[in-house]
Amino acid sequence: AEEHTQALMRAKESFFAVMSHEMRTPLTACIGMAEVLRDTTLLDRRQKECVDAVISNGNSMLSLINDILDFSKMEADRLELDLAPLSVREVIEEAAAVVQIKAQ
């Protein structure tokens with residue numbers, strides 16, 4: 001029974017690793033292309049807000065994918081913490097921007 005449980009855990013870890021790669025790769029490309037669009041074209045204010053929303057929401061989704069992977073690593077006792085400074089103001093502003101776009 002324990003061998004079966006360990007095999008299931010390995011299969012789950014493998015699934016999360018493949019899933020994360022398959023989701024992150026195109027998402028990262030979309031975010032990058034939106035950043036190029038924002039930085040190299042003349043956009044009016046509304047268009048820039050829309051592109052910024054794509055970038056912000058893409059980054060939020062990327063963060064969510066990374067969080068799912070972190071939970072998988074925690075279950076396998078393989079998570080390494082990376083302590084880094086955090087700006088509470090930036091976190092709140094980013095969250096408000098996401099909600100504002102949805103509210104409009």
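Glutamate 49 counts as partly exposed, with a relative accessibility of 26% (buried is under 20% relative accessible area, exposed is over 50%, and partly exposed lies in between, with a 1.4 Å probe and protein chains only). The model is predicted, so local features need pLDDT of at least 70 and side-chain atom pairs count only at pLDDT 80 or more, while totals for chains, interfaces and linings use all residues. Residues are numbered from 1 along each chain as its sequence is written, and side-chain values use heavy atoms, with hydrogens and water left out.

**Overall form**

- Taken along the principal axes, the C-alpha atoms fill a box of roughly 60 × 30 × 25 Å.
- Of the 104 residues in the chain, 14% count as buried, and the chain exposes about 8,300 Å², of which carbon and sulfur atoms supply 61% (areas come from the Shrake-Rupley method with a 1.4 Å probe, and for residues only the protein chains shown count as cover).
- Among contacts in the chain with a separation of 6 or more, 71% are between residues 24 or more positions apart (a contact means heavy atoms within 4.5 Å).

**The nonpolar core**

- The largest nonpolar core has seven residues in all, namely Leu27, Ile31, Ala34, Val51, Ile55, Leu62 and Ile65 (a core is a set of buried Ala, Val, Leu, Ile, Met, Phe, Trp, Tyr and Cys residues joined through side-chain atoms within 4.5 Å).
- Helix H1 (2–40) and helix H2 (45–75) are the elements that give two or more residues to this core, and H2 gives the most, with four residues.
- Isoleucine 31, which lies in helix H1, is buried at a relative accessible area of 6%; leaving aside neighbours within four places in sequence, isoleucine 31 is in contact with Ile55, Gly58, Asn59 and Leu62.
- The C-alpha atoms of isoleucine 31 and leucine 62 are separated by 9.6 Å, although the two residues are 31 residues apart along the chain.
- Alanine 34 touches Val51, Val54 and Ile55, not counting residues up to four places away in sequence.

**Salt bridges**

- The structure holds six salt bridges (each is a side-chain nitrogen of Lys or Arg within 4 Å of a carboxyl oxygen of Asp or Glu).
- One of them joins the side chains of aspartate 52 and arginine 38, at 3.7 Å from N to O; because aspartate 52 lies in helix H2 and arginine 38 in helix H1, the pair ties together parts that are 14 residues apart in sequence.
- Aspartate 52 is partly exposed, with a relative accessible area of 27%, and arginine 38 is likewise partly exposed, at 27%.
- Arg38 and Asp52 also belong to a network of salt bridges that links them with Asp39 and Lys48.
- Glutamate 49 meets arginine 45 in a salt bridge of 2.4 Å, N to O, and since the two are four residues apart in helix H2, about one helical turn separates them; arginine 45 counts as exposed, at 61% relative accessibility.
- In helix H3, glutamate 93 and arginine 89 lie four residues apart, about one turn of the helix, and they form a salt bridge whose closest N and O atoms are 3.5 Å apart.
- Glutamate 93 is partly exposed at 47% relative accessibility, whereas arginine 89 is exposed, with a relative accessible area of 62%.

**Surface features and helix H2**

- Leu86, Val88, Val91 and Ile92 form a nonpolar patch on the surface, with about 400 Å² of accessible area together (patch residues have over 30% relative accessible area and no salt bridge, with like charges joined within 9 Å and nonpolar side chains, meaning Val, Leu, Ile, Met, Phe, Trp and Tyr, within 5 Å).
- Valine 91, a member of this patch, lies in helix H3 (residues 88–103) and is partly exposed, with a relative accessible area of 41%.
- Asparagine 57 is located in helix H2 and counts as partly exposed at 32% relative accessibility; its C-alpha atom is separated by 27 Å from that of glutamate 75, which is 18 residues apart from asparagine 57 along the chain.
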